[in-house]
Amino acid sequence: ETGYETWLRYEEITDSALHTQYRAYFQTIEIKGNSPIIESAKEELMQGLRSLLGVTPKCLSATGEQASCLIGTIADVAEVSQAIKERLREEGYAIYSEKGRLVLVGKTETGVLYGTFHLLRLLQMRDHLHDLRIVENPRNQLRMINEWDNMDGSIERGYAGGSIFFEHNKVTNNLQRIKDYARILSSIGINAIAFNNVNVHEEETKLITRKFLPDVAKVANIFRQYGIKTFLSINYASPIQLGKLETADPLDEKVRAWWKETVADIYRYIPDFGGFLVKADSEHRPGPFTYGRNHAEGANMLAEALAPFGGIVLWRCFVYNCLQDWRDRKTDRARAAYDHFKPLDGLFHDNVVLQIKNGPMDFQVREPVSPLFGAMPKTNQMLEFQITQEYTGQQKHLCYLVPQWKEILDFDTFANGKESPVKSIVDGSQYDYKVSGITAVSNVGNDENWTGHLLAQANLYGYGRLTWNPNLSTEEVTTEWTRATFGDNEEVIQTIHEMLLQSWLIYESYTAPLGVGWMVEPGHHYGPNVDGYEYSVWGTYHYADCHGIGVDRTVATGTGYTAQYFAENYELYEHLETCPDSLLLFFHHVPYTHKLKSGVTVIQHIYDTHFSGAEQAEQLLESWRSLEGKVDSERFQQVLERLEHQAEHAKEWRDVINTYFYRKSGIPDEKKRTIYPI
Ligand code: BDP
């Protein structure tokens, strides 16, 4: 096995009692309808059942004979109760069974498809099918994936090979791979994708022209069959680069007309086109600032062009000065998104959604939650995660991010009083947003196993499941993935489950300490470099000197960033006494001898966690080795190689970080371990 099948392996059921039970329910199947989405559901069900049960069930088409399994939309399945009908929302579905009969109904065809994946998952989890009463609706409206793929076939921050969408400055002909990806995404409930990089270079700018739209349409056709809408990232300067205009000023009539025409053209090729994803005025990308316009004016111009077709604008809030003066301790990159966007609340059209990274900096292993969540009651918001492990080991290290995402989703913003967690902001329930949801940067490339590190597939899976329902527990999601991917052996399941659950904290413990972040190689961001970002223009500092370390972001003496939070969180972070240890150096500058809540000093904490983190990385490897012969050899070998590298690399991290702080502070390790290798 190569890992290509992901969690859709549908491993054969060996338990004979279960096998008999399942076979009875799938003796005969009737699937109502024959649209492309229904066809996808049918194909998946047949393939899944063949593989799980080793038999091909008989399909009935309206013969009058009653099928043991009936599938269709509520419009097509007459016998659905009113109570169920009322509970189903867009994309929702119900699965119920009684008297040896199974019924799956979707509110829409997409609901049928999601329900089919759910049904197959029940079999993958070896659950029994008697007396089912399942009603499911997605919590989030937009459940999206952003690809950072370039047309030359490379992927920005991609760690699993090249693009599955582009090669040689064209859309690929390998549409089968895209279809397989669509299946994978749909199985976890994803319903939207932007498949070109947010940094739109010259070639990608042309994706919205007739030269490429037929090819974009081919990709969109595939995704449509799996209930996924296609979006494109656009270049804000397109009117200049493509339209030969002199300006891209959003208030210029010619510019506005140009976008309207361009959008109309796109919809000729892709009638259900989702809209645009825009990175503007960020990291050298063009935007409305050039013309003295604000981001509401910038976004609304595009929103107006898209509105007649039902399209939306996903406008990124990752806007900051990437050329700042590093000597100036008052300027704070963490403040940027809030400072730029909060004053614009209420000025955006209702088909604009602000796309906000989970933290105020940039996908570090540990950051506080962005204070922008909940701070704009009159503006649609969505959350952006990063599945691709840019700062979390680049799919060479094991770093399972579901526990991190859960913390973020559950974080109480206090925006609307107590119980205003991030998940309730982005699912639109807190402020009744018209459009909202969650998106994330994909970790997939054309490596045979999709994600490079086989176990990194768990991040993609977990992302989709949490986006569908943020209330699922980490344990549930992890068990699902592990079982579906590795089968029935309890020891295998247990071991991998534990490895995944520990991995984020292990990674954190041997890298930059206590929330300070950024001690990575500049540029590619892999491996330790203690001062690599310290004297540069990116706004990414730790301020370590011989006395102490950390960024003072308090109102009292620092950059004032803490004031961007609602009162409860402001109080929490502003004061040393209450600030959680894990984020201490994000918010405060302290001496190395400062005592943490855990009772140890900052310097001793750094030594302790780096020694133990490297040891734990070694233990991950040992755990995996214990599975030799219990996991098929190819997949075993793939993971083994990555974990071997991680164990070695963790030692390098340990030594670089420990040596640095020993030299800076001059304080020896209480436990007298060797700080630097001899
Ligand atoms: C950073 C990446 C950079 C992206 C940028 C973004 O290093 O490659 O272009 O974020 O999100 O994480 O726009």
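Predicted model: local features only at pLDDT ≥ 70, side-chain atom pairs only at ≥ 80, totals over all residues.
**Entry 1**

Residues are numbered from 1 along each chain as its sequence is written, and side-chain values use heavy atoms, with hydrogens and water left out.

I then followed the bridge partners across β3. I31 has I71 of β3 as its bridge partner, and I71 in turn stands opposite L104 in β5. The pairing of β3 with β5 is in the parallel sense over five bridges, and T73 has its bridge partner G106 in β5.

Stepping back, I noted an open sheet of six strands in the order β2-β1-β3-β5-β4-β6, with mixed pairing. Which strands stand at the edges? They are β2 (58-60) and β6 (133-136), each of which has a single partner strand, so one side of each is left without a neighbour in the sheet. From one strand to the next the twist averages 15°.

Contact here means heavy atoms within 4.5 Å, and angles run from 0 to 180 degrees between N-to-C directions, with axes as lines fitted to C-alpha atoms, for helices over the stretch in contact.

**Entry 2: the hairpin and the covered strands**

Strand β4 (residues 93-98) pairs with strand β5 (residues 101-106) in the antiparallel sense over six bridges. The two form a hairpin with two residues between them, and K99 in the turn has a positive phi of about 50°. Along this pairing, Y96 has V103 of β5 as its bridge partner, and S97 has L102 of β5.

Are β3 and β5 buried or exposed? For β3, five of the five residues are buried, so β3 is largely enclosed by the rest of the structure; buried means under 20% relative accessible area, exposed over 50% and partly exposed in between, with a 1.4 Å probe and protein chains only. For β5, six of its six residues are buried, and the strand is mostly covered. R101, V103 and V105 point one way from β5 while L102, L104 and G106 point the other way, and all are buried.

**Entry 3: two helix pairs**

I next checked helix α16 (residues 490-510) against helix α19 (residues 602-625), whose axes come within 9 Å and cross at roughly 155°. That makes α16 roughly antiparallel to α19, given that angles under 35 degrees count as roughly parallel, over 145 as roughly antiparallel, 65 to 115 as roughly perpendicular and the rest as oblique. On the α16 side the contact includes T495, I496 and M499, and on the α19 side it includes T609, H610 and W624. The residues of this contact divide into eight nonpolar, eight polar and no charged; Ala, Val, Leu, Ile, Met, Phe, Trp, Tyr, Cys and Pro count as nonpolar, Asp, Glu, Lys and Arg as charged, and the others, Gly among them, as polar.

Helix α9 (residues 253-269) and helix α10 (residues 295-306) pack at an angle of about 45°, with their axes 8 Å apart, and are therefore oblique to each other. The contact is made by V255, R256, W259, K260, V263 and Y267 of α9 with M301, L302, E304, A305 and L306 of α10. By class, the contact of α9 with α10 has eight nonpolar, no polar and three charged residues.

**Entry 4: two single residues**

Y526 has its place in the loop between α16 and β17 (548-549), and at 14% relative accessibility Y526 counts as buried. Leaving aside neighbours within four places in sequence, I found Y526 in contact with G393, Q394, K396, H397, E521, H645 and H649. Y526 and E390 are 136 residues apart in sequence and 7.7 Å apart in space, C-alpha to C-alpha.

T485 lies in helix α15 (residues 474-486) and is buried, with a relative accessible area of 0%. With neighbours within four places in sequence again left aside, T485 is in contact with T6, W7, R9, Q457 and R635.

Methods: Pairing = 2+ DSSP bridges. Helix = DSSP H or I, 4+ residues; strand = E, 2+ residues; numbered from the N terminus.
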